[in-house]
Amino acid sequence: MSGGRKPAGRAIYTLRLEEWETRMGRFRQERALSGLVSDEALVLRRREFLRGAALATAAASIGGCFAGDEVEAASQPATAALPNVRPAPPAFRTDEALSDADDVTGYNNFYEFGTGKRDPAARAHTLRTRPWSVAIEGEVAKPGLVPIEDLLKPHPLEERIYRLRCVEAWSMVIPWVGFPLGALLERFEPTSRARFVAFETLHDPEQMPGQRRRVLPWPYREALRMDEAMHPLTILAVGLYGRVLPNQNGAPLRLVVPWKYGFKSIKSIVKIRLQQRRPRTTWSDEAPREYGFYANVNPQVHHPRWSQARERRIGEWSKRPTLFLNGYAEQVASLYKGLNLRRNF
Ligand code: MTE
């Protein structure tokens with residue numbers, strides 16, 4: 001994401017046969033526990049297993065803007081299984097192979113814990129996700145500071161299997177667990193003046209050591225137009241792979257907007273503010289020529305420093321074409337009718 005703070009580099013995967021065997025066993029166990037994720041995850045893992053066995057050491061270069069992280073395949077301790085999660089309805093699931101759970105929880109962007117892809121998994125244990133409250137403010141009839149338990153209680157959880165496309169030209173397929181943001185907003189009764197929804201991440205340098213450095217102006221801020229926020233594809237996630245969201249993925253509550261670049265999907269939310277005027281947002285403030293307010297995935301509108309036409313699915317070697325609105329055009333293109341998407345990137 002950054003403005004060239006780091007040298008371009010190579011991600012090195014060093015995978016030993018025994019590690020793959022252990023991980024396959026663990027994955028089967030997890031899958032049996034959650035009962036949610038599709039068979040494709042297993043297929044993907046098997047593919048990875050064979051690749052790992054054949055190539056004891058392999059090097060893959062990740063294209064684009066970023067980072068020479070030394071990527072050592074590392075397992076994460078599993079979080080608790082989430083009970084009563086409905087399977088993803090067909091309109092809200094892709095049939096593509098799921099990304100490896102270790103990649104989803106081990107290769108992250110969460111600058112509050114450092115700018116390296118492995119930093120969040122290594123450091124986010126310092127985040128305390130209970131007690132946790134979220135302030136709902138601004139243009140709502142019923143504002144309040146709501147404990148997370150009360151915030152979540154009325155919402156049945158469901159799985160949503162979405163593509164995540166990072167602005168850095170990599171992507172994953174993630175089985176989120178969550179509920180529609182729109183259902184939550186309605187409870188607080190938005191007024192007729194509510195045109196935008198602004199979100200803020202926790203600001204606490206003690207829990208989030210990355211905030212001790214001025215890498216970004218803290219807290220991290222994001223926002224959506226009201227119609228984007230109310231769209232049924234937009235969710236608040238509390239889990240992935242049938243389990244409680246790991247801290248590095250934005251526990252206890254993060255936004256997921258699958259047709260937009262990943263930086264819109266703000267993590268560890270403490271404030272939701274409805275307002276009339278368009279809110280300021282972290283990345284579009286930081287580098288307005290590089291990151292727009294809309295941040296809709298668009299293979300024809302390139303980042304000034306790299307192409308957005310293709311992407312690397314983490315876990316695959318070759319790049320694939322990027323889809324307009326990340327493949328969700330049928331559902332959301334109508335939101336942008338008449339809007340010049342080159343100018344409003
Ligand atoms: N939210 C906060 N608070 N801080 C961040 O640095 N990074 C964003 C987004 N949300 C970020 C954030 C970016 S650039 C991406 S691509 C996604 O989180 C990554 O989500 P993941 O790590 O769960 O894959």
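This is a predicted model: local features need pLDDT of at least 70, side-chain atom pairs count only at pLDDT 80 or more; totals for chains, interfaces and linings use all residues.

User: What makes arginine 128 and glutamate 206 a salt bridge?

Analyst: Their closest N and O atoms are 3.6 Å apart, and the cut-off is 4 Å, so the pair qualifies. Arginine 128 sits in the loop between α4 and β4, glutamate 206 in the loop between β8 and β9, so the bridge ties together parts 78 residues apart in sequence.

User: Why is glutamate 206 called exposed?

Analyst: Its relative accessibility is 53%, and exposed means over 50%, so the label holds.

User: How do you know that arginine 313 and glutamate 96 form a salt bridge?

Analyst: The N to O distance is 2.9 Å, which is within the 4 Å limit. That pair links arginine 313 in strand β14 with glutamate 96 in the loop between β3 and α3, 217 residues apart. Arginine 313 also has a salt bridge with glutamate 311, at 3.7 Å.

User: What makes β14 and β15 a pair of strands?

Analyst: They are joined by 2 bridges and run antiparallel; pairing needs at least two bridges, so they pass. Arginine 310 stands opposite proline 321. The two strands form a hairpin with 6 residues between them, and glycine 315 in the turn has a positive phi of about 100 degrees. On the parallel side, β14 pairs with β7 over 2 bridges, with serine 171 partnered by arginine 313.

User: Why is lysine 264 called buried?

Analyst: Its relative accessible area is 1%, and the threshold is under 20%, so it qualifies. The lysine 264 side chain reaches the backbone oxygen of phenylalanine 293 at 2.6 Å, and its contacts include Glu222, Leu255 and Tyr294.

User: And what makes tryptophan 218 buried?

Analyst: Tryptophan 218 comes out at 11% relative accessibility, under the 20% mark. A polar atom of its side chain lies 2.9 Å from the backbone oxygen of arginine 213, which is within the 3.5 Å limit for a polar contact.

Terms used
Residues are numbered from 1 along each chain as its sequence is written. Side-chain values use heavy atoms; hydrogens and water are left out. Helices (H or I, at least four residues) and strands (E, at least two) are DSSP runs, numbered from the N terminus. Buried means under 20% relative accessible area, exposed over 50%, partly exposed in between (1.4 Å probe, protein chains only). A polar contact is a pair of N or O atoms within 3.5 Å; within protein, one must be able to donate a hydrogen and the other to accept it, and residues adjacent in sequence count only if both atoms are side-chain atoms. Contact means heavy atoms within 4.5 Å. A salt bridge is a side-chain nitrogen of Lys or Arg within 4 Å of a carboxyl oxygen of Asp or Glu. Lists of a residue's contacts leave out its neighbours within four places in sequence.
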